[in-house]
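Student: I would like to learn how to read a few features of a structure. Can we take them one at a time?

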Amino acid sequence: MTSILRNPQALQLTLALIKPDAVAHPLILEAVHQQILSNKFLIIRMRELLWRKEDCQKFYKEHEDSVVSASREIAAFFPDFSEQRWYEEEEPQLRCGPVRYSPEGGIHCAAGTGGLGPA
């Protein structure tokens, strides 16, 4: 996909969860995905998982609207993801661009790189 040049302002990490009722309908899931892309969000990791009711209850019980809880939640969903490494190495490349979107992997990466592989 065509490269876009990013704004030099620092990027922030955001965890987006798509609930089962949207995932159950491919057209709705694709519309949500396109909405994320059309709003110029970068997708740096993507993962599908199936949770039990107890997992969901625990997640929402611990959820707070803060940077600390977002870091904890990102670590829970992506245990191999290093937030510190991302801010030091990947974020500057994505912020300054150009970046490309890989439809095959469903993520953005710095143009000229092969992407980051599975999350």
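Predicted model: local features only at pLDDT ≥ 70, side-chain atom pairs only at ≥ 80, totals over all residues.

Student: Which residue with a positive phi follows α2?

Tutor: That is K40, with phi near 65 degrees.

Student: How is a pair of aromatic rings described?

Tutor: By the distance of the centres and the angle of the planes.

Student: How many aromatic pairs does a search of the whole structure find?

Tutor: The search finds two. In one, the ring centres of W51 and F77 are 5.2 Å apart and the planes stand at 20 degrees; planes under 30 degrees apart count as stacked, so this pair is stacked.

Student: Where do W51 and F77 lie?

Tutor: W51 is in the loop between α2 and α3 (53-62), while F77 belongs to helix α4 (residues 67-77). The pair therefore ties together parts that are 26 residues apart in sequence.

Student: Is F77 buried or exposed?

Tutor: F77 is buried, at 7% relative accessible area. W51 is partly exposed, at 32%.

Student: What about the rings of W86 and Y87?

Tutor: Their centres are 4.9 Å apart and their planes are at 80 degrees; an angle over 60 counts as edge-to-face, so that is the name for this pair. W86 is buried, with a relative accessible area of 1%, whereas Y87 is partly exposed, with 35%.

Methods:
Residues numbered from 1 in each chain as written. Heavy atoms only, no water. Helix = DSSP H or I, 4+ residues; strand = E, 2+ residues; numbered from the N terminus. Phe/Tyr/Trp six-rings, centres within 6.5 Å; stacked < 30°, edge-to-face > 60°. Buried < 20%, exposed > 50% of the residue type's maximum accessible area, 1.4 Å probe, protein only.
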